[in-house]
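Visitor: I am new to reading protein models. Could you walk me through the inside of one?

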Amino acid sequence: MRVNQVIRIAVAAVATTAVLSPAPAAAQGGAAAPAAAAAAPASRVPPGWTPPRTPWGEPDLQGTFSNRTITPFERPANVGGREFFTPEEVVAMEKRAAEQSGDEDRNKGTRADVERAYNDFWWDRGTKVTSLRTSMVVDPPDGRVPAQTEEARKRAAEEGKQPAFRGAGASGRGTDSWLDRSTFERCITRGMPAMMSPTAYNNNYRITQGPGFVAIQVEMLGGARVIPTDGRPHINQGIRQWVGNSVGRWEGDTLVVETTNFSDKILYRGAAENLHLVERIRRIGPDEIDYRVTVSDPTTFTRSWTLAIPYVNTGEQMFEYACHEGNYGMEGILSGAREDEKKAATAAPSAAQ
């Protein structure tokens, strides 16, 4: 969020881009998450606390939340298969995270320092665990993402033939064109469910509600998910979207969101157009939301799997992530590559003599 606080000082107006869902049709049931993975951590619910309601009677999820954490995505090998860290392990982890987040080893004033990414002011990876769990993956029970199918491995071997790079991280496959860079570097999207998961900075979300809708504004790369809860079905399967088509429904105090209709232009761990997500979003305390998402794609994973990520209320404002306006990195990557090509072309005749 600190990045955007600086941006807010520099710009006169803030605009939020929202991608609205299409017009209504009829409801479609979603695949339920495994019972063990779907259950909220009851022990963390304050005694006597009652979930708030909106004026129109729905569970109130509204607020500004952060999901930054140092909890590993998958369970580390050094915990012996345990589901939870010990208090002593947490103290050691948080101490190590605080030490590693500093700038003391940047060799300030050197070329190597200038060529590195941001200094510590801009990062917001987190220095605390928000759960004692040893991994965000809570199902399968081993805390690990299931193996890929043989079909997925074959697709991965052919991935280089795609007309554009389909990765969503800070990476690419070359510098011939912007199409060789990730959708993240192109300021398009991190994809789902990555955009709902913690990353290096800008791990903030603002949830607002109205009758029949829940909107989740995402800080990283900007934009908003506008999720209908009015009983409409998914759009036609022939229509594909970058982050899929989401339809929500209430099951007690839990918002259940089913997302389908993904584009084949972006990958999440090898999955694309066949990806199917079921999110379960429930407020479990005055300042915390239990966010869970079950990932399914039988063409990519040998079984479905579930992530659990605490969202903690920050009580702060959230500002626009002006990604396109400030995307100097893309210009630098491509123009730098052209300069390298010119130098190589100039040096070639000299080398031949």
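Visitor: Which residues have the most contacts inside the largest nonpolar core?
Guide: A nonpolar core is a set of buried Ala, Val, Leu, Ile, Met, Phe, Trp, Tyr and Cys residues joined through side-chain atoms within 4.5 Å. Buried means under 20% relative accessible area, with a 1.4 Å probe and protein chains only. Here the largest core has 32 residues, and Met196, Ile216, Ile281, Trp305 and Tyr311 have the most contacts inside it. At least two residues of this core come from each of β3 (204–210), β4 (213–218), β7 (254–260), β8 (276–285), β9 (288–296) and β10 (305–313). Strands are DSSP runs of E, at least two residues long, and helices are runs of H or I, at least four, both numbered from the N terminus. Another core, of nine residues, lies apart from it and includes Phe184, Tyr201, Leu221 and Cys323.

Visitor: How should I take the numbers?
Guide: This is a predicted model, where local features need pLDDT of at least 70 and side-chain atom pairs count only at pLDDT 80 or more, while totals for chains, interfaces and linings use all residues. Residues are numbered from 1 along each chain as its sequence is written, and side-chain values use heavy atoms, leaving out hydrogens and water.

Visitor: What is isoleucine 216 in contact with, leaving aside its neighbours within four places in sequence?
Guide: Contact means heavy atoms within 4.5 Å. With those neighbours left aside, the partners of isoleucine 216 include Met196, Tyr205, Gly223, Ile227 and Ile281.

Visitor: Is arginine 166 buried or exposed?
Guide: Arginine 166 is buried, because its relative accessible area is 9%. This residue is found in the loop between α5 (150–157) and β3. Arginine 166 and leucine 267 are 101 residues apart in sequence, yet their C-alpha atoms are 5.6 Å apart in space. Beyond its neighbours within four places in sequence, arginine 166 also has contacts with Glu159, Asp264, Lys265, Ile266 and Ala272, among others.

Visitor: Which residues line the largest cavity?
Guide: On a 1 Å grid over the protein atoms alone, a cavity is a set of points where a 1.4 Å probe fits but cannot get out, and lining residues have an atom within 4 Å of a point. Among the lining residues here are Trp242, Phe262, Leu267, Tyr268 and Ala272.

Visitor: How many helices and strands does the protein chain have, and how much of the chain is buried?
Guide: The protein chain has six helices and 10 strands. Of its 353 residues, 45% count as buried.

Technical notes:
1 Å grid on protein atoms, 1.4 Å probe; cavity = no way out; pocket = protein on both sides within 12 Å on 5 of 7 lines; lining within 4 Å. Buried < 20%, exposed > 50% of the residue type's maximum accessible area, 1.4 Å probe, protein only.
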